[in-house]
Amino acid sequence: MKKYFTFLSLFFCLLNVDAQPINSLLQKIKSAPEDINKVRLLYKIGSYYKSNNFDSACLYLNEGKRLCEKLAYSEGEMDYYLNMHGAYLENGKYDSSLIMIQKGLLLFKKSITKMQLANSYENISSSYHYLLKFDSCTRYDLLAQAIYEAADNKKELMIFYGNLCGSYNERHLFDKAKEYGLKALALNKQGFGDDNDLVYVLNNLCTVYIYLNQSDSAIYYGKRCVELCKKENNYSVGQIILENMMLVLINQHKYKELMPMVAQLKEMGKKVNTNEYDARLNFNYAMAYYYNGQAKLAKEYAQKALVISIPNQLSVISKNTFILLDKVEAILGNYALADLYGEKRDSINNVQMNEETAKNIQELEKKYETQKKENEILLLREENQKKTALNIFFLGTAIAFLLVGFLGYRNFKNKQKVSSQQQELQQQKIAELEKDKQLLAIDAMLKGQEDERSRIAKDLHDGLGGMLSGVKLSFVNMKENMIMDAESVLSFEKSIMQLDNTITELRKVAHNLMPEALVKFGLNNAVADFCNAMQLASKIKIIFEPMGIERQLSNTADLYIYRIIQELVNNAIKHAAPNQILVQLTKSSDKVLLTVEDDGKGFHEEILDAVQGMGWKNLQQRIDYFKGKIELITGAGEGTSVNIELIA
């Protein structure tokens, strides 16, 4: 399970460093046989590129998937979807990351364990988190939590609660974050989870208490986290937590306690020994001296930070150091220098561009020198070629005779092959024409059904509905002109009430036959109206989630997709006895994905073989019309999930 944690540092984030050089992986892949080990190697390379070259990451991951399909390696296919989910997530493509993990989940549900399913739910939750759809994020967190708690897997629960603490921090739900952080801490006290797991829990709790302005608790958990980081050699989290604690001390105006914090950062830096760490350390020294009123020392350490950060292109550190020097020089009365540092802060991006331009010029000069040497080598080669041209001519003539004979034989074989291919293509065209003919017949039948529905709806609404409304009006007029006893009046009013109910039911039937919202407001609004109406009528919670891109489908596609959703929701209400139904409609550039999922009683899939009802038959025909695919996941007592992919 991935460790998830938050931090408050206003200045920096650590760089990720891959432990295994990419060059060695690229060398290995050239000679690797096409087996499972090559799949894992391709995924390693793809994972390396996912944060710095998205196109290369996709190239290697897709090649791994192709090899998995060739080897029938289903576990590798599951790894593909997880890796692609991570790549899309890391590059800010949150819609695509969600679609990818949902596709993988269709495969996962058939073969993975409950624990792996819970981890998949956490991945889906993370995609919804970045899409800012926190209701869905919470729903999948609860699904994962239910699995962990049902299995009483306290080690996984300890890590999961810690992750929830970090997640709720990000959403600024600090009371919930605190609740789950303390739950994780309690499980750790019982012996579940190791010290490395505890590091992230303590860091998240420290962050919670900082946001809640409970500084003493923040410092308490921060100090515990620092001690544990030293023990576990987790200097990245240790550095972040110390910097966060410095911010707490600054907010408390406890400036004298800043120097011991910086001393601890210096001690940790001996274990890290990187330019970035040294630059950050000098910056933190400068901050501590600044808040302790020692402006000259603050200036000295800030300049040391710049000496390291500028040549190493650590632009974030440089920018924040310029901000600090601007304030320091103003305190020292050097207002011209303060203005200069302010300008440097604003122009740091231009400086980076100039450095990049200079680098490009150097590369061009180097290429020019190389090209000059290559031209000299070409001249020498031309002289040698002239001397050997005659020998090559005779040799070439002999080869030409052999080549002509070979080409003649190959041309004969190619003609035979082309003839065979043409026959195969002709058979394929015939099969495609037959399929198109069947689709046209299905389209005509479905359109005929919809036209008949529309005609009946119009006749019911305008014809029979109008007549019943006229009858009601006549009855009302009769009541005003007739003298009746109390019992007759009551009977008469009941009759009018029954007539009202009849007119209302008639309008509902007409609306179901041809919904006005679909024609006037589009597919998403029509489906939302349908779900709300069915929820009111059935008292079952129905959640509708439109996702993906906004694009207009054809009127036929809108109508057929609406009918598919209508059929599936009605089936769930009628047969599954659920407490909740989820309807998801996802549009991508060339596809539409539908999911209708309920938590009802489910059924054995073998029952479908005996189903002869028109509803299921019409559903299959509409899916065939879009050249789509349908997948049903169910079991007795396990609910039902219907997943449909349409080319529309």
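In this predicted model, helix α2 (residues 36-49) packs against helix α3 (residues 54-71) at an angle of about 160°, and their axes lie 7 Å apart. Because an angle over 145 degrees counts as roughly antiparallel, α2 and α3 are therefore described as roughly antiparallel to each other. The crossing of these two helices, α2 and α3, is left-handed. On the α2 side the contact is made by I36, K38, V39, L42, Y43, I45, G46 and Y49, while α3 contributes F54, S56, A57, Y60, L61, E63, G64, K65, L67, C68 and L71. Sorted by class, the contact of α2 with α3 comprises 13 nonpolar, 3 polar and 3 charged residues.

The phi angle of A72 is near 55°, a positive value in a residue other than glycine, and A72 is exposed, with a relative accessible area of 66%. K627 belongs to the loop between α22 (614-625) and β4 (629-634), and with a relative accessible area of 56% K627 is exposed.

Turning to the cysteines, the count of disulfides comes to 0. C225 is in no disulfide, since its nearest cysteine sulfur, that of C229, is 4.0 Å away, whereas a disulfide requires sulfur atoms within 2.5 Å. C225 counts as buried because its relative accessibility is 0%, and C531 is buried as well, with a relative accessible area of 1%.

Conventions
Residues numbered from 1 in each chain as written. Predicted model: local features only at pLDDT ≥ 70, side-chain atom pairs only at ≥ 80, totals over all residues. Heavy atoms only, no water. Axes fitted to C-alpha atoms, helices over the stretch in contact; angles between N-to-C directions. Helix = DSSP H or I, 4+ residues; strand = E, 2+ residues; numbered from the N terminus. Parallel < 35°, antiparallel > 145°, perpendicular 65-115°, else oblique. Left-handed = near helix turned anticlockwise from the far one by under 90°. Contact = heavy atoms within 4.5 Å. Nonpolar A, V, L, I, M, F, W, Y, C, P; charged D, E, K, R; others polar. Buried < 20%, exposed > 50% of the residue type's maximum accessible area, 1.4 Å probe, protein only.
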